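Let's take a walk through this structure together, one contact at a time.

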Amino acid sequence: MTTDSREQLLADVEAYCQELRPIEELCYVEHRYNDQTVALAKKYDLLGMPVPRQFGGRGADAVSYARALTRIGREGTGVRTFFSGQTSIGQYPITRYGNGDQHARYLPASCKGEKILAFGLTEPDAGSNPLELTTTYRRSGNKFLLNGVKYLISNGGIADAVVVFAYPEDRQGAERRMSAFIVDTEGATFEAEDLHAKPGMFTANTGMFQMTEHPVPAENLLGEEGNGFRIAMGSLVSGRLSVASGCLGVIEDCLAEALSYARTRKQHGKEIGKHQLVQEHISMIEMDRAASEALVERAAAAKAESDAALADQKLFARADMFVAEAKFFASNAAWDAADRAVQIYGGRGWSELYRVGRHLQDVRVCRIYEGTDEIMKLKIASALLGKEYAAFG
Ligand SMILES: Cc1cc2nc3c(=O)[nH]c(=O)nc-3n(C[C@H](O)[C@H](O)[C@H](O)COP(=O)(O)OP(=O)(O)OC[C@H]3O[C@@H](n4cnc5c(N)ncnc54)[C@H](O)[C@@H]3O)c2cc1C
């Protein structure tokens, strides 16, 4: 991406965030989905930031997109999570693994906001180990019939199409390899439900859905049959970079809020920022920020290099590991930063009325989704030790 177009993208993101902020804050305190997340993203042409221009996107490279997500992350993990579902793990697998017909049918419409996308890997009994999923498909004439339940899916209750992973119903052993499908969500055979019992991210949609003999046209098989696991793992690198970038934004916002409050709130006759123990919190948030920024930038640069040479497995493995490190570190640093910012705010901090309190509630999930802390650590260790040391198969 040229410097000019990167600057223009980030200027549009800035304008989007400023217009969205008051609406997001109101929706948050009222615990309701923010439908302006999509409407305003459409206004500022942000619904397909890294999608190539010929398909209606902005053609952003991984570094530009990561910086955009960092800025969006300051507005809250819920807003940024919408972009993960729509773009990082929604449009990405279609762009990367789809064919010309699939590009034409899904990418321009999703860039215009006419189609909301999601990524359906997790199931009630298959989270950290997606190989244990039980959703199945079978061929029936010119379509596939899908059966199964997908759980905890970002945008899952509002999506028009979901990238879904399933095993063949009629094959066993080495032949039983998962495939990926682009699944349209219309019809009585696809039943979606919003999940409301969550302690944060109220403005974003998290859903589950059940497919019962749900027909999927044969031309909606994504990539080659049996290649679903590779597609899922490739897409999750993009998703994890989104989480890491968004967490950096959370830390930046916590730092800005903490500095402002520490300069204005007075106790014991002076601004609390003049108390050394409050300064300790501020210095630790700044170190969370600086270290996360370095790891996110390194990961985004590695992802951009890998995207530019897709057949290069070494570049992919490097990006995969750098992104895992950035995701683990930034999500833990954001949790620490939000916790310290809340501490600086005192009693007011423990409230949804203040940004720091909302960040604390929302950002905890970043240590869980797109691969938990534990899975990131195991992934990093086996990348260093070698495959024969992998903790699980
Ligand atoms: C708000 C939200 C949005 C989400 N969005 C999506 C989405 O869009 N698409 C999607 O497909 N999924 C999504 N997920 C699902 C998410 O990716 C999973 O929750 C996550 O991968 C963990 O799976 P699990 O919840 O089943 O936990 P489990 O896998 O049951 O893990 C429970 C605990 O055991 C640990 N554990 C498991 N295996 C090991 C091991 N081998 N070694 C050490 N520890 C282990 C885990 O780290 C964790 O601490 C979302 C989840 C949430 C909460």
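**Helix packing, a loop and a ligand**

Helix H1 packs against helix H9, residues 355-363, at an angle of about 65°, and their axes are 12 Å apart. Please bear in mind throughout that this is a predicted model. An angle from 65 to 115 degrees counts as roughly perpendicular, and H1 and H9 are therefore roughly perpendicular to each other. If you look along the pair, H1 passes H9 in a left-handed crossing. Which residues meet here? From H1 come Arg 21, Glu 25 and Tyr 28, and from H9 come Arg 355, Arg 358, Gln 361 and Asp 362. Sorted by class, this contact of H1 with H9 holds five charged residues, one polar and one nonpolar.

Stay with H1, which covers residues 3-29, and turn to helix H3, residues 62-74. The two helices pack at about 20°, with 10 Å between their axes. Angles under 35 degrees count as roughly parallel, so H1 and H3 are roughly parallel to each other. The crossing of H1 and H3 is right-handed. On the H1 side, the contact is made by Arg 6, Leu 9, Leu 10, Val 13, Glu 14, Cys 17 and Arg 21; on the H3 side, by Val 63, Ser 64, Arg 67, Ala 68, Arg 71 and Ile 72. Here the contact of H1 with H3 divides into seven nonpolar, five charged and one polar residue.

Next, find helix H4 (residues 77-97) and helix H6 (residues 228-264), whose axes come within 9 Å and cross at roughly 150°. Angles over 145 degrees count as roughly antiparallel, which makes H4 roughly antiparallel to H6. Their crossing is right-handed. Among the H4 residues in this contact are Ser 84, Ser 88, Ile 89 and Tyr 92, while H6 contributes residues including Gly 234, Ser 235, Ser 238, Gly 239, Ser 242 and Gly 246. By class, the contact of H4 with H6 has nine polar, seven nonpolar and three charged residues.

Now for a loop. Leu 195 sits between strand S6 (190-194) and strand S7 (206-217). Leaving aside residues up to four places away in sequence, Leu 195 touches Tyr 151, Leu 152, Thr 206, Gly 207 and Met 208. Leu 195 and Ile 153 are 42 residues apart in sequence, yet their C-alpha atoms are 9.1 Å apart in space.

How many residues surround the ligand? There are 18, and the closest are Thr 122, Ser 128, Leu 152, Thr 372 and Glu 374. Thr 372 places a polar side-chain atom 2.7 Å from an oxygen atom of the ligand. A polar backbone atom of Leu 121 is 2.9 Å from a ligand oxygen atom. Finally, a nitrogen atom of the ligand lies 2.9 Å from an N or O atom in the side chain of Ser 154.

Key. Residues are numbered from 1 along each chain as its sequence is written. This is a predicted model: local features need pLDDT of at least 70, side-chain atom pairs count only at pLDDT 80 or more; totals for chains, interfaces and linings use all residues. Side-chain values use heavy atoms; hydrogens and water are left out. Axes are lines fitted to C-alpha atoms, for helices over the stretch in contact, and angles run from 0 to 180 degrees between N-to-C directions. Helices (H or I, at least four residues) and strands (E, at least two) are DSSP runs, numbered from the N terminus. A crossing is left-handed if the near helix is turned anticlockwise from the far one by less than a right angle, and right-handed if clockwise. Contact means heavy atoms within 4.5 Å. Ala, Val, Leu, Ile, Met, Phe, Trp, Tyr, Cys and Pro count as nonpolar, Asp, Glu, Lys and Arg as charged, and the others, Gly among them, as polar. A residue is near a molecule or strand if one of its heavy atoms lies within 4 Å of it. A polar contact is a pair of N or O atoms within 3.5 Å; within protein, one must be able to donate a hydrogen and the other to accept it, and residues adjacent in sequence count only if both atoms are side-chain atoms.
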